[in-house]
Amino acid sequence: MADDVSEAEPQMVLSPLTSAAIFLVVTVDSGGETAVRELLSDVGSLERAVGFRAQSEGRLSCVTGIGSHVWDRLFSGPRPAFLHPFRELSGPVHRAVATPGDLLFHIRATRLDLCFALATEIMGRLRTTVTVRDEVHGFKYFDERDLLGFVDGTENPTGSAARAAVLVGDEDPPFAGGSYVIVQKYLHDLRAWGDLTVEAQERVIGRRKLSDVELSDDVKPADSHVALTTVAAPDGTELQILRDNMPFGAAGRGEFGTYFIGYARTPEVTETMLERMFLGTSSAPYDRILDFSTPVTGSLFFAPARDFFEALPPPPTAGPTASVPTTDSQVRPRESSLGIGSMKAEIDR
């Protein structure tokens, strides 16, 4: 993958993992476009005002993503080249659902109170103009583990590799420095998971539970999570995304889950991982983890660079575009300039 990443200042996509997060997904009600544009222009100042209470130790940040259906209702001019609605995937056994989402606020900090305060400020501005579709409060669980007991995010790229994998570059100059983000809320069947032996759990994931060491190729099953989410470009280069997943739960309701959030330079990389998980390959019918983890949401957004919010494009002059479902032929992205357009065929082995 090319590393011609723009000098535009990105949102805090690449900031280190934190111990608390709130994921807030909303849709914009008819007539709410003006209020939303005003909030988008001010979200940076709200972040600074709330974060100032804890100075630098709080590490408060908010990444704002914008969905395909609402983009043309808010802005005139060009769109991000590969922005489209999340595509539902119906596999032989499991399904990745698509759910509504116009705006994503990914709020992170070392303290949940800071996340909550910023979410409250944002919703105070938007409450009468949006509909909340999902709100999840995430937390760090022991040593970066999910509620299944395995370390999450092991393969995240770092440094220049992270920038190259996550930030749009010269392939789409008007939106350089931005990032595509896909979110899914997974609910775990911990009772069924707990009935497995540790060795069986390790075969599902593809890693050792205690050490987090990946199983060797001669031991790792083809339907393990690691095997199916490792993808490569036609030239053999491994393609990466940046995961900032967080555990969440409500013990009293028996709700236990992982909020998946993956940032990438093009959504095609994350989508290929999901296709392999849900639709399978010639070697595996589907990702075995799906027998224990069920997605109940699925949305795709574009998180522009910071300067986009400092000078928003003008609003559309012909009135808001109706937010209606788009056919798959309309939303399929152009052949990627990153050389992975034919990746599905290349890696289906």
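User: Why are H1 and H3 called roughly antiparallel to each other?

Analyst: This is a predicted model. In it, the axes of helix H1 (residues 33-51) and H3 cross at roughly 155°. Angles over 145 degrees count as roughly antiparallel, and H1 and H3 are therefore described with that term. The two axes also come within 10 Å, and the crossing is right-handed.

User: Which residues make the contact between H1 and H3?

Analyst: On the H1 side they are Ala35, Val36, Glu38, Leu39, Asp42, Val43, Leu46, Glu47 and Val50. H3 contributes Leu114, Ala117, Leu118, Glu121, Ile122, Arg125 and Leu126.

User: What kinds of residues make up the contact of H1 with H3?

Analyst: Eleven are nonpolar, five are charged and none is polar. Leu and Val count as nonpolar, whereas Glu and Arg count as charged.

User: What makes Val166 count as buried?

Analyst: Its relative accessibility is 0%. Val166 lies in helix H4 (residues 159-166).

User: How do you know which residues Val166 touches?

Analyst: Contact means heavy atoms within 4.5 Å. Leaving out residues up to four places away in sequence, Val166 touches Val13, Leu14, Gly178, Ser179, Leu242, Tyr263, Ala264 and Arg265. Arg265 is 99 residues from Val166 along the chain, yet their C-alpha atoms are separated by 4.3 Å.

User: What share of the contacts in the chain with a separation of 6 or more joins residues 24 or more positions apart?

Analyst: The share is 80%.

User: What makes a set of residues a nonpolar core, and which residues have the most contacts inside the largest one?

Analyst: The members must be buried residues of the nonpolar types, such as Ile and Phe, joined through side-chain atoms within 4.5 Å. The largest such core has 67 residues, and Ile66, Phe105, Ile107 and Ile122 have the most contacts inside it. Helix H3 (residues 112-126) supplies the largest share of this core, eight residues. Apart from it lies another core, of 20 residues, including Ala21, Phe23, Val136 and Phe248.

User: Which residues does Phe105 touch?

Analyst: Not counting residues up to four places away in sequence, Phe105 touches Ile22, Phe23, Leu24, Val26, Leu39, Cys62, Val63, Thr64, Ile122 and Leu126.

User: How many residues of the chain count as buried, as a percentage?

Analyst: Of the 349 residues, 54% count as buried. The secondary structure of the chain comes to eleven helices and 14 strands.

Note on methods: Residues are numbered from 1 along each chain as its sequence is written. This is a predicted model: local features need pLDDT of at least 70, side-chain atom pairs count only at pLDDT 80 or more; totals for chains, interfaces and linings use all residues. Side-chain values use heavy atoms; hydrogens and water are left out. Buried means under 20% relative accessible area, exposed over 50%, partly exposed in between (1.4 Å probe, protein chains only). Helices (H or I, at least four residues) and strands (E, at least two) are DSSP runs, numbered from the N terminus. Axes are lines fitted to C-alpha atoms, for helices over the stretch in contact, and angles run from 0 to 180 degrees between N-to-C directions. Angles under 35 degrees count as roughly parallel, over 145 as roughly antiparallel, 65 to 115 as roughly perpendicular and the rest as oblique. A crossing is left-handed if the near helix is turned anticlockwise from the far one by less than a right angle, and right-handed if clockwise.
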